[in-house]
Amino acid sequence: MEKARPLWANPLQFVFACISYAVGLGNVWRFPYLCQMYGGGSFLVPYIIMLILEGMPLLYLELAVGQRMRQGSIGAWRTISPYLSGVGVASVVVSFFLSMYYNVINAWAFWYIFHSFQDPLPWSVCPLNANRTGYNEECEKASSTQYFWYRKTLNISPSIQENGGVQWEPALCLILAWLVVYLCILRGTESTGKLEQLANPKAWINAATQIFFSLGLGFGSLIAFASYNEPSNNCQKHAIIVSLINSATSIFASIVTFSIYGFKATFNYENCLNKVILLLTNSFDLEDGFLTPSNLEQVKSYLASTYPSQYGEVLPQIKNCSLEAELDTAVQGTGLAFIVYTEAIKNMEVSQLWSVLYFFMLLMLGIGSMLGNTAAILTPLTDSKAITKHLPKEAISGLVCLISCAVGMVFTMEAGNYWFDIFNDYAATLSLLLIVLVETIAVCYVYGLRRFEGDLQSMTGRSLNWYWKIMWAGVSPLLIISLLLFYLSDYILTGTLQYQAWDASQGQLVTKDYPVYALVFIGLLVASATMCIPLAALGTFVMRRLKRGDAAPVA
């Protein structure tokens, strides 16, 4: 008899849970950056092709596996083959890594929301120096938004070697973020332009990568969600719906992002022109209103030829104002979310209102993704009778949140942002590609594609379309192998891994090499998840051989 399992109240709840998990911060701060880097609208061509060849098929595969096996990631893959339990373990490990650092973003969102009720916004002006005779030097060299992010929010150290202590304000925000996640978990299942860029292989690689990670494949979250479905649920339709909504959200976010880019670029360009006009007016005693943006270049040429020595003195102070240069600035990640967007928000009317709305949106996106990540960890644990007979589900959830929060305190130290970047860059990329590759091969060639097709038909009453078979059996695995080879070769060719460190004396980021211990940690971070797959298979093989040896008749 199959044990009773909680179910979604209706299919719509399941779809909303998947959308909440899939639509995350990457849609807001990664996809617009890729569009800007690879030809604007033309990037949609490889993106849509990769969605059809990779995104939808792999999403459907994970949902179908979860719905068929009705277990979390570890149990589902162990059912397919005892040698594949390591796939589920690897998914849980990667999800645990992600949950440790991802909730720090929600802590930062809380921090900015709390500071959004001030007038003026604290990142809109530079603070005074210690003598109150001028503005803070670091802030003047950088900008008010950069200063608030790097000094007031992160209080960042000059390098990863200088860890510093845990800072209590970000730490309290992190505890609050984990408390919100835990309370949500307790409610359970029921709550919850340049066309030549098309010839650039990196555009296609990044399109495939964005599709892959945006949908959250390989973490085990989708398998966990689908395991609470009725067996007759039409997961094929839901896979298509979730994929399309996720992509539509990315495109919509890009439209909004580019409008903010345009507003920020125009504002900065006009501000730059006004500073040059004021400098020349005061230096040459020109009549107020004589210099305008339209005649600025003409007057500069006249002043340079008529007063060469005087103009030469002020020339180093004259900034080169370029609207094109402002528009060409491409930023992603925390730099986009907490610097570029705040730069635009501070110049808007009723800036406090827009700031609260923006960071509340970030918080909702982050919490939705966190609930999916924690579900990937908790579902295999609560499926285990060995664990649930000793601890109730609430205690298991509390322990996972408590451990993740405790480890996450590392990211609230002065060097915490550097460790955040390490986890963000290396904790999941190669591991997830390997996990999903093994998943696809396991379903098609270990469990058997025909057998799986028969299971789906008996569950849903619908035969499997030829499109899904071709994608699962050939196209999608080949794409994943291509991505794996690309990343491995990229790491090898890059040489010594580097990171961006904040230099307070210059007010800007500088590139530094990772120390040896950080490189060792990166290697262990990647290996800790990927090695689960072969080690679990080896362990199963050894245990079976030992059992056979014990069962052999004594001569």
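Which helix is mostly covered, and how many of its residues are buried? I looked at helix α20 (residues 416-426), where eight of the 11 residues are buried. Buried here means under 20% relative accessible area, exposed means over 50%, and partly exposed lies in between (1.4 Å probe, protein chains only). I listed the buried residues of α20 as Gly416, Asn417, Tyr418, Trp419, Phe420, Ile422, Phe423 and Tyr426.

**Ground rules**

I am working from a predicted model, in which local features need pLDDT of at least 70, side-chain atom pairs count only at pLDDT 80 or more, and totals for chains, interfaces and linings use all residues. I number residues from 1 along each chain as its sequence is written, and side-chain values use heavy atoms, with hydrogens and water left out.

**Whole protein**

I noted 24 helices and two strands in the protein. Helices (H or I, at least four residues) and strands (E, at least two) are DSSP runs, numbered from the N terminus.

I then looked up the charges: the mean positions of the 31 positive and 35 negative ones are 17 Å apart. Lys and Arg count as positive and Asp and Glu as negative, while His and the chain ends are not counted. The place of each charge is NZ of Lys, CZ of Arg, CG of Asp or CD of Glu.

I went to Gln67 in helix α4 (residues 44-69). Gln67 counts as buried because its relative accessibility is 0%. A polar atom of the Gln67 side chain lies 3.5 Å from the backbone oxygen of Glu230. Leaving aside neighbours within four places in sequence, I found Gln67 in contact (heavy atoms within 4.5 Å) with residues including Ala226, Asn229, Glu230, Pro231, Met459 and Thr460.

Arg70 sits in the loop between α4 and α5 (73-80). I recorded a positive phi near 55 degrees for Arg70, which is not a glycine. Arg70 is buried, at a relative accessible area of 12%.

**Helix α6**

Leu98 lies in α6 (residues 85-114) and is buried, at 10% relative accessible area. Apart from residues within four places in sequence, Leu98 is in contact with Phe219 and Asn373.

Asn103 is also in helix α6, and at 0% relative accessibility it counts as buried. I noted a polar contact of 2.6 Å between the side chains of Asn103 and Asn106. A polar contact is a pair of N or O atoms within 3.5 Å; within protein, one must be able to donate a hydrogen and the other to accept it, and residues adjacent in sequence count only if both atoms are side-chain atoms. Not counting residues up to four places away in sequence, Asn103 touches Leu174, Ala177, Trp178, Val181 and Met370.

**Loop between α6 and α7**

Which residues are joined by a cis peptide bond? I found that bond between Asp119 and Pro120, with omega about 0 degrees. Pro120 lies in the loop between α6 and α7 (137-141).

Arg132 is in the loop between α6 and α7, and I noted its positive phi of about 60 degrees although it is not a glycine. Most residues other than glycine have a negative phi, and most peptide bonds are trans. Arg132 is exposed, at 64% relative accessible area.

Gly134 is in that loop between α6 and α7 too, and at 22% relative accessibility it counts as partly exposed. I found Gly134 in contact with Pro127, Leu128 and Asn129, leaving aside neighbours within four places in sequence.

**Strand β2**

I ended with Leu509 in strand β2 (residues 508-513). Leu509 counts as partly exposed, at 37% relative accessibility. Not counting residues up to four places away in sequence, Leu509 touches Tyr150, Gln500, Ala501 and Trp502.
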